[in-house]
Amino acid sequence: MNPILVAILLGLLQGVLEWIPVSSEGGVALASTVVTGVSPAAATRLALFLHAGTAVAATAYYRTEVRTILHSIRELSRRPFADETADLSFIVIATAATAVTGLPAYLALDAAVSELEGGLFLALVGGLLVITGLLQRFAAALSLGEREVPDGLDAVLVGVLQGLAILPGVSRSGTTVSALLLRGHEGESSLRLSFLLSIPAALAANALVLVDDGVPAIDPLPAVVALVVSAVVGYLTVDALVRLVRQVPFWAVCTVFGGLGVIGGLLVAL
């Protein structure tokens, strides 16, 4: 397939899947493995690389919130987790927790997927999607209490889970939103905090891939095309998809997609 067409396809997938509780990394990695035949390791690095596009989209979409957060920096040291600094405190601590868990997870993942055949890789991603779906269902059923602003425990818990979501098939938005729901935050606030937190995490993952491997799997021009497409599509779809997440039980979508991934992967492996 033409490399530019492949880049457009992958950018479309990243731009749409990032916002829903279905692993964008898993979806992009699966697509690049199937369409281009690249190794699971290269497909995973490419999927992480493309998160920079949706980080730009999230920054543009939440530009008012980002501006407010930046303006609260001077108050952070004096009043952490006060009303005006709660979002910034949450992002700083959660990002640090993500780094602590995410870097070892990335190194372990890179070693593990390098040893997998294509079919087993598909099955692994599918199995992790099933787990994500069940987690989302569990959180939806057991939301606890009512919380209006995040605290330090929220930040550490969500940051650790976001670091582990570097695994393809584990939805970053699904796990972080689920954790916030379980902690008693309402749906819209959970989505907002999750998407704001995605910005530094996505940029850090992109930088890690570039430092470790350069532009992975595809040539520089298609890589730029994929980034631009993911940013534009991500910006255009985030509002509609946020509304959809409020109404549709995406735990069921995760579970169905994951089951199909397991079946397909095992068939390929056999």
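## Basis of the values

The model is predicted, so local features need pLDDT of at least 70 and side-chain atom pairs count only at pLDDT 80 or more, while totals for chains, interfaces and linings use all residues. Residues are numbered from 1 along each chain as its sequence is written, and side-chain values use heavy atoms, with hydrogens and water left out.

## Helices α1 and α2

Helix α1 covers residues 3-17, and helix α2 covers residues 24-36. Helices here are DSSP runs of H or I with at least four residues, numbered from the N terminus. The two pack at an angle of about 160°, and their axes are 9 Å apart. Axes are lines fitted to C-alpha atoms, for helices over the stretch in contact, and angles run from 0 to 180 degrees between N-to-C directions. α1 and α2 are therefore roughly antiparallel to each other; angles over 145 degrees count as roughly antiparallel, under 35 as roughly parallel, 65 to 115 as roughly perpendicular and the rest as oblique. Their crossing is right-handed, a term for a near helix turned clockwise from the far one by less than a right angle.

On the α1 side, V6, L9, L10, L13, Q14 and L17 meet S24, G27, V28, A31, S32, V35 and T36 of α2. Contact means heavy atoms within 4.5 Å. This contact has 8 nonpolar, 5 polar and no charged residues. Ala, Val, Leu, Ile, Met, Phe, Trp, Tyr, Cys and Pro count as nonpolar, Asp, Glu, Lys and Arg as charged, and the others, Gly among them, as polar.

## Helices α2 and α3

α2 also packs with helix α3 (residues 40-49), at an angle of about 135° and with the axes 8 Å apart. That makes α2 oblique to α3. The crossing is right-handed.

From α2, the residues E25, V28, A29, S32 and T33 meet P40, A43, T44, L46, A47 and L48 of α3. They divide into 7 nonpolar, 3 polar and 1 charged.

## Helices α9 and α10

α9 spans residues 152-164 and packs with helix α10 (residues 172-182) at about 160°, with axes 9 Å apart. That makes α9 roughly antiparallel to α10. α9 passes α10 in a right-handed crossing.

L157, V158, L161 and Q162 of α9 meet R172, T175, T176, A179 and L180 of α10. By class, these are 5 nonpolar, 3 polar and 1 charged.

## A contact across the chain

V225 lies in helix α12 (residues 220-247). The C-alpha atoms of V225 and L5 are 9.4 Å apart, although 220 residues separate them along the chain. Not counting residues up to four places away in sequence, V225 touches I4, A7 and I8.

## The largest pocket

The largest pocket has a volume of about 390 Å³. A pocket is an open set of points on a 1 Å grid over the protein atoms alone, where a 1.4 Å probe fits, with protein on both sides within 12 Å along at least five of seven lines; lining residues have an atom within 4 Å of a point. The volume is the space filled by probe spheres set on the points, which are joined across faces, edges and corners.

The lining consists of 24 residues, and T98, Q162, I166, A201 and A205 lie nearest the centre. α2, α7 (86-114), α9 and α11 (187-213) each supply at least two lining residues. α11 gives the most, with 7 residues. The lining has 12 nonpolar, 10 polar and 2 charged residues.
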